[in-house]
Amino acid sequence: MHSEPQTSRQARARAAEPIAIVGIAALYPHARGVAEYWELMRRSTPPCSCSQGGVAASGLDDLDIDVARFGIPPAQRGSLNRMQLLMLEAAAQCLVDAGHDPRSPLGGRTDVVCATSFGLDRQLANALRVEAVRYTRDLEAALAAPDGALSAAGAREAADELRALLTGRLGGSPHDRVGEMPSSIPARIAAAFKLHGRTVSIESADAGSFVALAAAVDSLRAGHADAVLVAAGQRREGALLERALDAKGLLQPDAHPFAADGYGLRPGEGVSALLLKPLSGAQRSQDRIYALIRDCTLVHHARPGVFRYSPSTSHRLQAAAAAHHSAAVPPTAVQYVESAAASMAPVARADLDALGALFAHRLPGSIALGSAQDRLGHTICAAGLAAVTKAALALHHRHLPAQAACPKADPLDLSGTAFRFTRTTEPWLCPEADLPRRAAVVGSSLTGTVCYLLLDEHVPKAAASGAAAIPAAAAARRSQPVAILAAAGSFADRRTADDFWRTSLHADDRIRPLPAELLDRELYFRPGSTGLAQTYTELGAALPPPKQPPPGLHIIPRRYAAMDPAQRLILDVADQLFASCHTRPADLRGRGLIAIGSSLSLSRERRLNAQLALPEIEQAVKELAALRHLTAEDRDAVVKLARERFATADEVLGPVTLDGYLASGAAALIANEFRLSAVPVAVEAACASALAAVDMAISALRTGSADYAIAGGVELPCNERDLVLCSALGLLSPTRITPFAAGADGFTPGDGCALFLLKREEDCTREGERILGLIRGVGASNDAKSLIAPDADGQARAMREAFGQVDFGPDAVGYLEAHGTGTRVGDRVEIDATTQVYGKTSREEPLRIGTAKAAFGHTFAAAGGAGLLRALYAVRTATYPPTAGEGELNPAIDLHAIPAEIPRRPQPWTSPPDRPRRAAVSSFGTGGINYHLLIEEPGGAIR
């Protein structure tokens with residue numbers, strides 16, 4: 001176990017302003033508001049259904065939510081995922097609870113961070129709808145076979161009937177690609193309540209809401225936001241999760257959080273939301289404060305192999321000790337511990353052993369122990385927020401809530417320890433005059449992360465002292481440079497970052513007709529047509545995933561085969577990352593963060609879900625009117641034959657199945673297989689996901705909650721599902737992407753991955769590490785308008801925030817790596833926004849503008865990574881890269897107003913000897929999400 005570097009401890013001490021919880025919302029099967037939630041926690045005996053166990057249908061489906069309240073256009077309502085509506089309702093309740101009128105702007109910079117886990121209903125339904133097209137073809141072929149049950153016409157009639165039936169059940173809308181994305185949840189919240197800060201969704205298995213809270217605390221302490229709305233939600237979206245947990249040996253329908261023989265979890269549902277502000281800001285606004293977050297520390301226990309919960313006492317003790325050190329709160333002050341961990345006896349014992357060592361010499365029974373899971377079940381990504389909500393309400397009401405007895409098992413033996421169960425709600429006695437009541441919340445993740453969060457009661461007199469230099473400290477952190485130590489990437493058929501750059505210099509595009517294994521042309525390709533089940537383009541920049549793991553990693557073939565292609569690709573790129581620099585994984589000391597921009601429902605999960613849904617489709621086949629004249633035996637034979645055509649062999653779920661489709665599993669694989677003590681998280685901000693991941697890493701480095709970070713993005717959108725969904729909304733070019741051209745008519749998908757190794761510049765300088773480039777500023781915003789139409793003012797807002805963190809102006813930037821979506825409107829709006837910021841100063845030379853998408857297509861979550869990679873190489877090689885393609889410039893684009901130019905061939909980049917080369921990267925995402933990043937060559941660069 002590595003000790004925490006001195007610089008990290010100092011940075012964390014500077015960042016230790018308490019964070020106030022000023023608003024709470026809770027939506028659970030037995031609690032539809034904060035008052036009901038507290039009442040549920042106070043009861044000595046939970047409602048019957050809370051303790052009966054078993055897996056039931058969704059307990060939140062009966063909640064009637066008026067979508068008109070949130071300004072959602074009627075055309076988009078059918079495409080919304082249910083979690084979006086639940087989180088919108090929770091956000092509204094949270095703002096009202098904080099004393100804010102949701103109909104008026106909140107003011108300031110308010111971020112929205114949402115945690116989800118596993119596929120959402122619309123993601124799974126859309127994938128099944130696209131896959132069902134294949135099944136109906138196979139059914140038709142089975143019925144019309146030489147020895148089939150029907151004529152060709154009859155088989156076609158039956159297939160058409162099934163297609164109509166499934167369309168009705170599964171829905172379908174041109175807006176499905178937008179409505180299914182988890183990032184549409186925070187974006188919709190931002191639009192509904194006019195919040196202009198960062199909007200991002202994250203996934204980190206059971207640690208999801210802890211990671212979301214830590215990101216919120218970092219953003220507030222780094223001065224990037226004035227308030228953060230954090231929401232986390234878990235809902236039963238199908239049978240796959242329970243089946244995968246069962247195959248992993250982790251499903252326990254009668255689980256109780258403190259059973260002595262607990263071995264698994266009982267999945268639960270619910271949504272929680274918290275509105276957070278720095279204490280100084282909450283006091284200025286005279287907000288009602290429920291409790292104060294003093295620290296949120298996460299430590300990762302890296303173990304190669306199958307994902308499993310950490311049994312490590314030492315890692316838990318490290319997290320707790322670091323939190324108390326950062327907050328300058330002695331462990332002796334904690335009187336209550338709330339557990340958000342899975343109901344597993346080894347995990348609970350590890351928690352108690354670590355806390356027992358931390359709370360040594362405490363009197364027996366002096367610390368109350370509780371868990372909301374006796375009432376809620378394990379709400380996976382929402383478990384941490386549910387636990388923090390319970391502890392905050394306990395502090396606010398000054399009562400210790402009741403803990404239900406284990407109905408079917410003996411509880412953990414607490415005799416001789418400092419802990420006790422409170423069987424009835426009791427007054428929480430004040431420890432000493434003028435000292436606050438204090439609570440800790442502990443949790444852990446399937447991927448190996450352990451979490452410790454420290455809460456204080458808000459005592460106005462005590463809290464008012466000692467916050468004098470907060471604004472100056474935040475300003476200093478906002479301008480702290482972050483060093484890029486290494487970079488790696490694979491895009492299209494270019495396997496390395498160097499190959500990527502050589503292709504960029506040659507202005508050679510890698511867009512080709514997709515191979516047959518990625519696109520069944522007979523079934524899906526319909527040139528010139530639009531619909532909900534076809535694509536009008538066959539082009540893409542595809543990247544075949546690796547077929548074996550990197551040589552140094554020992555991953556058994558069965559486990560590697562179970563990985564999603566995106567996970568296999570990211571392992572390969574991570575291996576390149578370390579091979580490209582002098583820093584070995586073992587050299588990375590302290591606590592790290594691995595933030596990967598990604599789709600939060602990988603293709604493998606959607607395919608497995610479709611497989612599990614096959615029996616329901618087959619039952620529908622047996623009920624078709626066109627087959628009524630067949631005997632039951634003949635219908636069964638038809639179904640059997642169709643299954644054989646559709647899926648030659650059903651995949652048997654096993655212990656590694658869930659690992660292979662977990663989105664944050666890509667980040668966890670890097671952490672665990674390379675043995676890095678780095679918290680893994682998947683980040684989704686639509687097409688800006690990679691820069692959102694980099695932004696999260698920068699905040700963690702600037703506040704000292706991480707000592708190093710690996711950040712980037714990965715996505716493989718060259719697949720039938722994405723082609724169909726993007727075609728339905730008319731997003732794709734029928735020919736190929738041509739950014740900024742007069743004929744620009746959409747984008748072309750491309751596969752790719754980029755990763756960057758980041759540390760604070762001051763640490764690298766002290767340790768003599770080679771720096772490739774410096775990230776000087778990063779700005780983010782949300783338009784808070786349309787989820788689809790781009791907005792120049794919102795994009796300009798992100799640019800201005802980035803420049804607010806640096807000591808130079810836009811005229812000092814020589815190159816802009818643009819987002820460049822390849823649509824006439826999108827390209828024009830981007831140049832208009834650039835003109836607002838970059839055109840307001842006098843430039844000695846024109847700003848050069850380019851985009852990687854012209855050569856490699858739009859790589860979705862990896863797009864910002866491709867842009868940053870190109871900008872970094874441009875700075876390092878002193879070369880302006882060309883943009884692939886020829887043709888007339890879009891006449892609506894006025895480059896002279898900046899002034900700017902788009903090079904079509906490489907140009908040397910000269911700059912004054914006393915000024916480093918500087919570049920910018922823009923990345924925008926559906927949902928009004930905007931990022932702008934500023935980089936420069938490091939000091940002392942060789943010219």
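Me: Where is Thr530?
Reply: Thr530 sits in the loop between helix 20 (521-524) and strand 16. Helices (H or I, at least four residues) and strands (E, at least two) are DSSP runs, numbered from the N terminus.

Me: Before we go on, what kind of model is this?
Reply: This is a predicted model, in which local features need pLDDT of at least 70 and side-chain atom pairs count only at pLDDT 80 or more, while totals for chains, interfaces and linings use all residues. Residues are numbered from 1 along each chain as its sequence is written, and side-chain values use heavy atoms, with hydrogens and water left out.

Me: Thanks! Is Thr530 buried or exposed?
Reply: Thr530 is exposed, with a relative accessible area of 65%. Buried means under 20% relative accessible area, exposed over 50%, and partly exposed in between (1.4 Å probe, protein chains only).

Me: Which residues does Gly540 touch?
Reply: Not counting residues up to four places away in sequence, Gly540 touches Arg510, Ile511, Arg512, Leu514, Cys718, Thr748 and Pro749. Contact here means heavy atoms within 4.5 Å. For a sense of distance, the C-alpha atoms of Gly540 and Ile293 are separated by 47 Å, and the two are 247 residues apart along the chain.

Me: Let's zoom out. How many helices and strands are in the protein chain?
Reply: The protein chain has 34 helices and 28 strands. Its radius of gyration is 27 Å, close to the 30 Å that the globule rule gives for 943 residues, so it is as compact as a globular protein of that length. That radius is taken over C-alpha atoms, and the globule rule is 2.2 Å times the number of residues to the power 0.38.

Me: And what does the C-alpha trace span?
Reply: About 85 × 75 × 55 Å along the principal axes. Of the 943 residues, 66% are buried. Taking contacts between residues at least 6 apart in sequence, 82% join residues at least 24 apart.

Me: How many positive and negative side chains are there?
Reply: There are 97 positive and 102 negative ones, and the centres of the two sets lie 3 Å apart. Lys and Arg count as positive and Asp and Glu as negative, while His and the chain ends are not counted. The place of a charge is taken as NZ of Lys, CZ of Arg, CG of Asp or CD of Glu.

Me: Which residues are buried in helix 2?
Reply: In helix 2 (residues 34-42), the buried ones are Val34, Tyr37, Trp38, Leu40 and Met41. They cover an arc of only 155 degrees around the axis, which puts them on the same side of helix 2. The arc is that of the directions from the helix axis to the C-beta atoms.

Me: What covers them?
Reply: The cover includes strand 1 (19-27), helix 5 (82-97), helix 15 (373-376), helix 16 (383-397) and strand 9 (399-400).

Me: New topic: which way does phi go for Arg398, positive or negative?
Reply: Arg398 has a positive phi of about 60 degrees although it is not a glycine. Arg398 lies in the loop between helix 16 and strand 9, and is partly exposed at 44% relative accessibility. Lys194, also not a glycine, has a positive phi of about 55 degrees. Lys194 is in the loop between helix 9 (184-193) and strand 3 (199-203), partly exposed with a relative accessible area of 41%.

Me: What kind of peptide bond joins Ile898 and Pro899, cis or trans?
Reply: A cis one, with omega about -10 degrees. Pro899 lies in the loop between strand 24 (879-880) and strand 25 (900-901). Most residues other than glycine have a negative phi, and most peptide bonds are trans.

Me: Last one: what is Thr879 in contact with?
Reply: Thr879, in strand 24, is in contact with Trp501, Leu505, Ala874, Pro906, Gln907 and Trp909, leaving aside neighbours within four places in sequence. Thr879 counts as buried, at 17% relative accessibility.
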